[in-house]
Amino acid sequence: MKTLNIGILAHVDAGKTSLTERLLHAVGVIDDMGSVEDGTTRTDSMALERQRGITIRSAVVSFVVDGVTVNLIDTPGHPDFIAEVERVLDLLDGAVLVVSAVEGVQAQTRVLMRTLQRMRLPTLIFINKIDRAGADPDRVLRDIATRLTPAVVATGAVHGAGTAAARCVPHPDTDPGFTRRLLDLLTVHDDALLTDYVEDERRLTGRRLRHVLAGQTRQALVHPVFAGSAITGAGVTPLIAGLTELLPVAEGGAGGPTSGTVFKVERGPSGERIAYVRLFGGTVRVRDRLPVGAGRVATVTGIEVFDRGSTVRGDAATAGRIALLRGLGDVRIGDPIGVARRTGWTGNRHFALPGLETVVVPERQADQRALHAALSQLAEQDPLINVRVDAIRRETSVSLYGEVQKEVIQATLAEEYGLAVSFRETTTVFVERPLGTGSAVELIGVAANPFLATVGLRVAPTTTGSGFRFRLGVELGSMPPAFFTAVEETVRETLRQGPHGWQVLDCEVTMTHAGYWARQSHSHGTFDKSMSSTAGDFRNLTPLVLIAALTHAGTRVEEPMHRFRLEAPGDVLSAVLPTLARLDAVPRTTLAQGSSYVIEGDIPARRVHAVEQRLPALTRGEGIFESTFDHHRPVRGEPPTRPRSDHNPTDRKEYLLAVARRVVARRHER
């Protein structure tokens, strides 16, 4: 079976959900198109999505084109839900990036395209809404070439833009202008094509140029641009043909070891977890026992696959398909199923972590326990909300990308869990990075170490964006595998809050020392836990060693910075620039565009909301402000410290030492 897994990506309101609906209608999956405004689309199934008219969770639909099963994932366009996009990118064979013919390239469009290029993911671009008043597809095409990538070529010409009769006519192979543009684009990466063009232009048939275009598109070297309207259906047929002609179609195979990745988790009617799995190899069958995550085995109790717009129950799912699997227990997003892939989802970030956090306050104090349980279930669907509990203050906090996400969490808690909540003021999430290399070790049997474990760790900084790596500097056979697993898992957990309380990024942790006491018993007696090492000893000792190593290395606290673009009338520039300066913004360029000015620069994430609030009054409502995360910068002055919580290893130290003293006392009593 041939398969193609693609994602539809866009800035919010560019029309990607409407385009998904149009594609389903065009291929015959649905008879009547749903509407985003009416809340009747196939992929916006949540009540909140239908009420607000935005996509909040990724959704999968399937259809067949020329014998190829196309699994299409409709992703959120609002930047507050970028985590949903993050989770599907590594699972895709290709993407369609949707750009509005009216608004053109927007902040999120640039973020998405940069990521797609960095991943070298084959991408088609669709200029949507050519029928809308104000549509200017030619301007948008120039905007794409200037602000996204010059490696683009329009596959057709738009006629009647801005009217209900707007249409896009594909360029014929005999069009000399189209042929010239194709040659200019394709010869950059094809010396043989360039040679033939110089020596004998007659060799360059339209069929050959389209073949080369398809090959370079599959290598993510060039990006064909289509245009049309999801509402009227104009230009959609050529796009459908382009999916299978230009993107890399895979030949699904049932043989080989099973290999897949979980990218979404939902709860069924009875509360069981349902895992959305992209299968990369082999076959999954009902009653198969498969490795899930790290060191767990689960039995598949149910399988559904996507087929022609809906899901159908089946006995098996093969490579290339997206399946819903039941029976995997406490499965989590990112878990490998079967044999873990050597490439693909590694936990590394494509986008920035959430830059904001807030405390969630239940209206009834008696609901605190229920609130934590509800937020924990929401974290199954979105782990990046990073639910934290402050046991001392009895407060629960979550991480956020923005205010809209906060509103969605509040509405979800009210509608699905019956919990009325409010939020404290949103604050900035900082990060920590190691300044240098630091190490620490605790040896078994030494009085200062109350645990039956030897753990030595070395922490070293890595390049920005490289993520976390755990390495063994000791022999793999020197301890039972479960003990190494306990150390690695605890290191990951501990790095959530470094010495200053913020998540530690971009570091390599090497285990330099390892030791344990084997299972022991009294003479002719039974196994004595107090004389034998357990995984618990390693889980308890590892945070203390890691914090000591981080303290030795030193960490630098950094704050999130946004790259902004501000368009404002020229006569208000003298008022806008001082306001930006007072809000710690640093303009990099100021360019005149007719009677307006475009200012681009950097601004601390904590100041973005203030700019958005003041801009309408400063610009008579004519200002357009866009911002996206760009980088972190070191905090000037005294670094902020996150309030302590029961997840903070610094706080755990006193607790663990108290536990250890009780353990030692019991040993002496024996």
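**Loops, strands and cores of a predicted chain**

Aspartate 506 is found in the loop that links strand S30 (503-504) to strand S31 (507-515). In this predicted model, the phi angle of aspartate 506 is near 50°, a positive value in a residue other than glycine. Such a value deserves a remark because most residues other than glycine have a negative phi. With a relative accessibility of 6%, aspartate 506 counts as buried, because buried means under 20% relative accessible area.

A positive phi, of about 80°, is also found at arginine 287, which is not a glycine. Arginine 287 is placed in the loop between strand S13 (283-285) and strand S14 (289-292). The relative accessible area of arginine 287 is 67%, and the residue is therefore exposed, the limit for that class being over 50%.

The chain as a whole contains 16 helices and 35 strands. The radius of gyration of the chain is 28 Å, close to the 26 Å that the globule rule gives for 670 residues, so the chain is as compact as a globular protein of that length. Taken along the principal axes, the box filled by the C-alpha atoms is roughly 90 × 65 × 60 Å. Of the 670 residues, 53% count as buried, and the chain exposes about 30000 Å², of which carbon and sulfur atoms supply 50%. Among the contacts in the chain with a separation of 6 or more, 73% are accounted for by residues 24 or more positions apart.

Strand S4, which spans residues 94-100, is mostly covered, with 7 of its 7 residues buried. From S4, the residues Gly94, Val96, Val98 and Ser100 point one way, whereas Ala95, Leu97 and Val99 point the other way, and all are buried. S4 pairs in the parallel sense with strand S1 (residues 2-10) over 5 bridges, and in this pairing glycine 7 has alanine 95 of S4 as its bridge partner. S4 also pairs with strand S5 (residues 123-128), again in the parallel sense, over 6 bridges, and here serine 100 stands opposite asparagine 128 in S5. Between S4 and S5 the chain crosses through helix H4 (residues 107-119), and this β-α-β crossover is right-handed.

Val98, one of the residues of S4 that are buried, is also in contact with leucine 19. When neighbours within four places in sequence are left aside, the contacts of leucine 19 are Val98, Phe126, Ala230, Val236 and Leu239. Leu19 is itself listed, together with Phe63, Leu186 and Leu243, among the residues with the most contacts inside the largest nonpolar core, which has 43 residues. A second, separate core has 41 residues, including Val85, Leu89, Met113 and Leu121.

Three further residues may be described in turn. Threonine 542 is found in helix H13 (residues 535-553), and with a relative accessible area of 0% it is buried.

Threonine 437, by contrast, lies in the loop between strand S26 (431-434) and strand S27 (438-442). The relative accessibility of threonine 437 is 47%, so the residue counts as partly exposed. The residues touched by threonine 437, apart from those up to four places away in sequence, are Arg458, Val459, Ala460, Pro461, His552 and Ala553. For one of these, histidine 552, the C-alpha atom is separated by 7.6 Å from that of threonine 437, although the two residues are 115 residues apart along the chain.

Proline 640 has its place in the loop between strand S35 (624-634) and helix H16 (649-669). Proline 640 is partly exposed, with a relative accessible area of 26%. Its contacts, again without residues up to four places away in sequence, are Phe430, His500, Trp502, Val557 and Val635. The C-alpha atoms of proline 640 and alanine 374, which are 266 residues apart along the chain, are separated by 30 Å.

Notes
Residues numbered from 1 in each chain as written. Predicted model: local features only at pLDDT ≥ 70, side-chain atom pairs only at ≥ 80, totals over all residues. Heavy atoms only, no water. Core = buried A, V, L, I, M, F, W, Y, C linked by side-chain atoms within 4.5 Å. Buried < 20%, exposed > 50% of the residue type's maximum accessible area, 1.4 Å probe, protein only. Contact = heavy atoms within 4.5 Å. Helix = DSSP H or I, 4+ residues; strand = E, 2+ residues; numbered from the N terminus. Pairing = 2+ DSSP bridges. Right-handed = clockwise from strand over helix to strand, strands pointing away. Rg over C-alpha atoms; globule rule 2.2 N^0.38 Å. Areas by Shrake-Rupley, 256 points an atom, 1.4 Å probe, with all protein chains shown as cover.
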